[in-house]
Amino acid sequence: MEPTEPTGPTQRDWTDEHVDRWQPVLPDLDPVVEGAVTRMKKLSVHLRRVREQSLVDFDLERHEFDTLHKLAGRGGSAAPSELAQDLDLAPASVTGRLDALERRGLVRRTQSTTDRRRVVVELTDTGRQTWRGAMDVLGHEEYRLLGVLDEGERARLNDMLRRIMLVAEEPGGPKPWHG
C-alpha cells in the first residue's frame, strides 16, 4: 500500500495535543514516552473498534468469532475438548457455543472415523467464509495503517515492540513506584 502523506514535523495528531496539555501539569513527563504509549493505546482502541464493527458486519458475537477462530487455527477441525482447552472454558460452555454455531450452519459435528466415541467439530464452508471475512476486515485495516511504513520500517517496529513486550512479559509484573 502507498503511504497517504509523509509525516513531518508540521503534522500533528491528537496525541501531540495531549502531550502539550499534560507537560505543564507534569513537568517531568517524557514527551516521547508519553507520545509512544498514548499512540499505542489509541491504536489498540482503533483496531478493537474495527474488529467489533467487522463482527457486526458478519453477524457474529465475539464468543462466536473466538470459537471459529480457534477452530480455524486447528486447521478447521478439532475435538470439543481441544476447543475447550484453547478457549479456556469448561466443556459444557463449549457445547453451548457449538450448539448455536451448528444451528447457524457455521460448524458441524461428526463422529470420528477412528474412534466412534469421539466427536469432531469442523468449520463448514459458510463458517470458514464468515470467519475469513471478519478476519480480512481487520487485516486490511492493519495493512492500511502499517502501509505508511516501508518494509524495513515495519520490521524495525516489530523488533522494537518485541523488545518492549519481552520486558512486559517478565515474571513478577510491574515494579512498585517510589516517588
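1. Is Leu-71 buried or exposed? Leu-71 is buried, as its relative accessible area is 0%; buried means under 20%, exposed over 50%, and partly exposed in between, with a 1.4 Å probe and protein chains only. Leu-71 belongs to helix H3. Its C-alpha atom is separated by 9.5 Å from that of Arg-128, 57 residues apart along the chain.

2. The model is predicted, with local features requiring pLDDT of at least 70 and side-chain atom pairs counted only at pLDDT 80 or more, whereas totals for chains, interfaces and linings use all residues. Residues are numbered from 1 along each chain as its sequence is written, and side-chain values use heavy atoms, with hydrogens and water left out. Helices (H or I, at least four residues) and strands (E, at least two) are DSSP runs numbered from the N terminus.

3. Helix H3 comprises twelve residues, 62-73, and at 1.5 Å a residue should span 16 Å; the end C-alpha atoms are 16 Å apart, which agrees. The expected span is 1.5 Å times one less than the number of residues. Glu-64, Phe-65, Thr-67, Leu-68, Leu-71 and Ala-72 are the buried residues of H3. They lie on the same side of H3, because they cover an arc of only 160° around the axis, the arc being that of the directions from the helix axis to the C-beta atoms. After H3 comes Gly-75, with a positive phi near 80°.

4. The largest nonpolar core has 19 residues, of which Leu-60, Leu-68, Leu-71, Leu-83 and Val-107 touch the most other members. Such a core is a set of buried Ala, Val, Leu, Ile, Met, Phe, Trp, Tyr and Cys residues joined through side-chain atoms within 4.5 Å. Two or more residues each come from H3, helix H4 (80-87), helix H5 (91-103), strand E3 (119-123) and helix H6 (125-146). H3 supplies the largest share, four residues.

5. The structure contains 17 salt bridges, each defined as a side-chain nitrogen of Lys or Arg within 4 Å of a carboxyl oxygen of Asp or Glu. Arg-62 is partly exposed at 31% relative accessibility, as is Asp-66 at 24%.

6. Two further pairs join separate elements. Arg-74 and Asp-86 form a salt bridge (2.6 Å, N to O); Arg-74 lies in the loop between H3 and strand E1 (77-78) and Asp-86 in helix H4, so the pair ties together parts twelve residues apart in sequence. Arg-74 and Asp-86 are also linked with Glu-82 and Arg-118 in a network of salt bridges. Arg-108 and Glu-122 form a salt bridge as well (3.2 Å, N to O), linking strand E2 (residues 107-111) to strand E3 across 14 residues.

7. On the surface, Val-33, Val-37, Met-40, Leu-161 and Ile-164 form a nonpolar patch with about 390 Å² of accessible area together. Patch residues have over 30% relative accessible area and no salt bridge; like charges are joined within 9 Å, and nonpolar side chains (Val, Leu, Ile, Met, Phe, Trp, Tyr) within 5 Å. Areas come from the Shrake-Rupley method with a 1.4 Å probe, and for residues only the protein chains shown count as cover. Helix H2 (31-57) and helix H7 (151-168) each supply at least two patch residues, and H2 gives the most, three.
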